[in-house]
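I opened a notebook for this one and wrote down each thing as I looked it up.

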Amino acid sequence: MKIFIFDENLENWIEEETTLLLHDLAIFLDEKNKIVYLWQGPKSKKKKKEFGLKSLSLIQEKYQNFKLEILKDTIPPEIQKQLMNLLKKYGKKEKIILKRTIYLKLYLILGLIGTILSFIYYLNLLSSLLWVQTNGSLQINAQIYDRWILTSQILIIIFLLFSIGNQVLSLIINRLILIIIAAIGVIMSIGFLIYISQGIFLFLFQSGSTTTIYLISQNDLRIFLLINFIGIIIFVCPTIYSIFWIYKYSKLRENKKL
């Protein structure tokens with residue numbers, strides 16, 4: 001990929017591969033897809049931007065039939081990687097700041113709701129510790145057990161819907177880290193749903209169980225709760241990290257007066 005930087009003195013675009021400053025205007029030439037990407041440094045002045053845009057015709061004349069795209073909120077991963085490398089070579093580990101668009105805000109909200117739902121789901125599971133204890137087993141009425149399973153399934157389905165929503169948003173935002181974290185939520189929620197949907201086959205009922213009263217080994221229940229706890233941690237930790245990541249690498253959109 002060729003990179004050109006606008007030279008104010010020459011009023012022309014100069015090919016560059018090593019240095020990029022925050023006040024520069026740069027062009028990333030994607031010859032494979034026939035796209036000219038224009039990047040405007042966050043510290044570039046208005047006058048320089050105007051000169052740069054006017055002189056784009058020099059590039060477009062040379063590379064005809066190329067589509068022009070001005071990079072704003074969404075930067076393709078390949079271009080972002082090039083930007084990061086060039087800024088680091090300059091000696092400044094600058095981060096690419098994302099605009100906190102409606103998609104990022106929704107991702108944050110759904111992530112927070114998903115985290116809260118996962119805790120509510122686990123609290124519902126922990127209610128099993130209140131079941132009647134008898135000779136190393138837990139005694140539970142069949143109807144209460146079925147209600148316990150059904151409540152867990154409903155919570156997981158809601159959780160899954162929010163996870164799918166975040167997956168769609170992550171694809172729109174087009175950030176690999178958010179895509180991966182959202183995918184973890186979808187995978188974990190599907191896993192939880194398949195696991196809990198075993199219903200009466202979830203535990204090996206102890207001898208003495210009837211069609212109306214189930215006896216469950218306390219050890220089996222502890223293992224069940226531990227597996228679910230590990231699964232929730234696998235989801236919650238990356239989700240919380242993604243929330244902090246968004247706050248670190250994004251900023252609120254400024255309202256400009258005309």
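**Entry: a hairpin.** I started with S3 and S4, which form a hairpin with four residues between them, and Lys34 in the turn has a positive phi of about 55°. Helices (H or I, at least four residues) and strands (E, at least two) are DSSP runs, numbered from the N terminus. Before going on, I noted that this is a predicted model, where local features need pLDDT of at least 70, side-chain atom pairs count only at pLDDT 80 or more, and totals for chains, interfaces and linings use all residues. I also noted that residues are numbered from 1 along each chain as its sequence is written, and that side-chain values use heavy atoms, with hydrogens and water left out.

**Entry: strand partners.** Strand S3 covers residues 25-30 and runs antiparallel to S4, with six bridges joining them. Two strands pair if DSSP finds at least two bridges between them. I looked up Asp30 and found Ile35 as its bridge partner in S4. On to strand S5 (residues 67-70): four bridges join S4 to S5, and these two run parallel. Here Leu38 has Ile70 as its bridge partner in S5.

How many of the six residues of S4 are buried? Five are, so strand S4 (residues 35-40) is largely enclosed by the rest of the structure. Buried means under 20% relative accessible area, exposed over 50%, and partly exposed in between (1.4 Å probe, protein chains only).

Entry: Lys34 sits in the loop between S3 and S4, and it counts as partly exposed because its relative accessibility is 43%. Asn174 is not a glycine either, yet its phi is positive, about 65°. I found Asn174 in the loop between H5 and H6; at 27% relative accessibility, it counts as partly exposed.

**Entry: salt bridge.** My search of the whole structure turned up one salt bridge, meaning a side-chain nitrogen of Lys or Arg within 4 Å of a carboxyl oxygen of Asp or Glu. It joins the side chains of Lys67 and Glu69, at 3.3 Å from N to O. Lys67 counts as exposed at 51% relative accessibility, while Glu69 is partly exposed at 26%.

**Entry: cavities.** I found two cavities of 30 Å³ or more. On a 1 Å grid over the protein atoms alone, a cavity is a set of points where a 1.4 Å probe fits but cannot get out, and lining residues have an atom within 4 Å of a point. Grid points are joined across faces, edges and corners, and a volume is the space filled by probe spheres set on the points.

The largest cavity holds about 100 Å³ of space. It is lined by 13 residues, and the closest to its centre are Gly111, Ser163, Asn166, Phe235 and Thr239. Helix H4 (102-126), H5, helix H6 (176-196) and helix H7 (218-248) each give two or more residues to this lining.

The second largest cavity has a volume of about 40 Å³. Its lining includes Leu117, Tyr121, Phe159 and Phe192, and H4 and H5 each supply at least two of the lining residues.

**Entry: Ser163.** Is Ser163 buried or exposed? Ser163 counts as buried, because its relative accessibility is 6%. It lies in helix H5 (residues 142-173). Leaving aside neighbours within four places in sequence, Ser163 is in contact (heavy atoms within 4.5 Å) with Ala182, Gly185, Val186 and Ser189.

Notes: 1 Å grid on protein atoms, 1.4 Å probe; cavity = no way out; pocket = protein on both sides within 12 Å on 5 of 7 lines; lining within 4 Å.
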